Amino acid sequence: MQTKRKELESEWFLYVIGHIMFTSVFLASTSGRGLEGLPKPKNVYVNSTNMRHILRWSPVRVPLGKVRYSVQFQGEFERNHRKTWVAITECSSIRESWCDITADVSSDVDYGLKVRAELGNATSKWEHLSKLFNRRETILTIPMLTVEVSGGLVILNVSEVQKNINAHLYYWEKGVEQQVMSVFMDQNQRPYYLHVQKGVTYCFQAQLCILEYNKSSSFSDIICEAVSGDITSSGNLVTVTIVLLLGVCFPVAALFCIVKFCCNPRHVCLPKISVPHVPNLENLQAVVLKAEDYSQESCASVEVWHHSEALIVEHQELTVQEKINDSMDIDMDIWLMNSVSYGNIFQSQCSMQRGYQSQMNLEHEKITLAVLAESYVRG
């Protein structure tokens, strides 16, 4: 067994060495000649279906290494006026043996196409398309038609409808095939909404078409559907029910989470603000101490000075009545200011103060009598 295994390993090693040597000799021999050494691709053709154009060719096989390919095209302007070829950027140095040329073959003229193989610095000769290609040659396949009924509305959709491909839709009442009606659908009307009579079974069929080329595909399979009088089908009813449930449950759940975990929405929307305190001076009432509460008053001794004669001598220029009025006005103003400022709370401080007020009134009366007497004597 070991001897056999060693023989297999030796054969594999010789095989790899042989391939490496062959590739090295091949590349060395083709580096100087370039176009003659590497084989060119074969069987170049265009597969055009539903306005999608694919250039294909047979891959080139070499002992070691992977071959790359590049594609160029030539339109009517390049062929007749400029005599040049244009490289397709998406198809330069690619490993695949096919290339999508739909974007480059963009007009209804004849195009020439060619492809070559590349391996390192070696390149093959260009292999040309056997004949010029025109996209009018595209083949339209049988479309796939889908029909959905919802009340008196039929929703029709056809596959492969795109920018350059439209569709013809045919429909008729089942059993009345001789009265076929048709509508036209393009990519802007996909899907197509058809209003039909309720309570009737309709049959539908479609085909692809390219109006500019006057080309049409084969017809699709016939699909017959009964149009009921229900507003919505069972599938649509389930969908509407689910949407309504989600629309109701989600806001409720969100509101519950806000109330539960975040905060009270009433405090967020309508925060509680304390009203500042404003005293109402009109409603203040004077606190008058009762007779029995005089024991709680704090009283101070007051000394009364008798100086009525001095007042008469010092103020002879003024009448006694004016002095009395001024004195009484001053006392009254002071009393009113104190009453307003403190809300008549301290209307009577204590019993001794009331006695002092009475004594002051008596003094004023004596002064008044003296002044009147003196005036009478002088008169």
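Because the model is predicted, local features need pLDDT of at least 70 and side-chain atom pairs count only at pLDDT 80 or more, while totals for chains, interfaces and linings use all residues. Residues are numbered from 1 along each chain as its sequence is written, and side-chain values use heavy atoms, with hydrogens and water left out.

The structure holds 2 disulfides, a disulfide being a pair of cysteine sulfur atoms within 2.5 Å. Counting bonded cysteines along the chain, the pattern of the protein chain is 1-2, 3-4. One of the links joins C91 and C99, whose sulfur atoms are 1.5 Å apart; the torsion about its S-S bond is about 65°, so this disulfide is right-handed. Both C91 and C99 are buried, where buried means under 20% relative accessible area, exposed means over 50%, and partly exposed covers the values in between (1.4 Å probe, protein chains only).

C203 and C224 form a disulfide with sulfur atoms 2.0 Å apart, and with 100° about the S-S bond this link is right-handed. C203 lies in strand 14 (residues 200-210) and C224 in strand 16 (residues 223-227), so the pair ties together parts that are 21 residues apart in sequence. Helices (H or I, at least four residues) and strands (E, at least two) are DSSP runs, numbered from the N terminus. C203 has 3% relative accessibility and therefore counts as buried, whereas C224, at 35%, counts as partly exposed. A further cysteine, C209, is buried with a relative accessible area of 1%.

Three strands, in the order 1-2-5, form an open sheet with antiparallel pairing, and two strands are taken to pair if DSSP finds at least two bridges between them. The edge strands are strand 1 (42-49) and strand 5 (98-100), each of which pairs on one side only. Neighbouring strands of this sheet are turned by 15° against each other on average, direction ignored; the axes behind such angles are lines fitted to C-alpha atoms, for helices over the stretch in contact, and angles run from 0 to 180 degrees between N-to-C directions. Strand 1 and strand 2 (residues 52-58) pair in the antiparallel sense over 6 bridges, and Y45 stands opposite R56 in strand 2.

Rings of Phe, Tyr and Trp (its six-membered ring) pair if their centres lie within 6.5 Å, and planes under 30 degrees apart count as stacked, over 60 as edge-to-face and the rest as tilted. By this rule the count comes to 5 aromatic pairs. Among them is the edge-to-face pair of Y170 and F219, with 5.7 Å centre to centre and 65° between the planes. Y170 lies in strand 11 (residues 166-173) and F219 in the loop between strand 15 (215-216) and strand 16, so the pair ties together parts that are 49 residues apart in sequence. Y170 is buried, with a relative accessible area of 19%, whereas F219, at 42% relative accessibility, counts as partly exposed.

Y171 and F204 form a stacked pair, 6.3 Å centre to centre with 25° between the planes. Y171 lies in strand 11 and F204 in strand 14, so this pair ties together parts that are 33 residues apart in sequence. Y171 counts as buried at 12% relative accessibility, and F204 counts as buried at 1%. Ring pairs link Y171, Y202 and F204 into a cluster.

Two loop residues complete the walk. P143, in the loop between strand 8 (127-128) and strand 9 (145-150), is buried with a relative accessible area of 6%. Leaving aside residues up to four places away in sequence, P143 touches V158, S159, A206, Q207, L208, S217, S218 and S220, contact meaning heavy atoms within 4.5 Å. S228, in the loop between strand 16 and helix 3 (234-262), counts as partly exposed at 35% relative accessibility. S228 and V149 are 79 residues apart in sequence and 8.4 Å apart in space, C-alpha to C-alpha. With residues up to four places away in sequence not counted, S228 touches G151, G152, K198 and G199.
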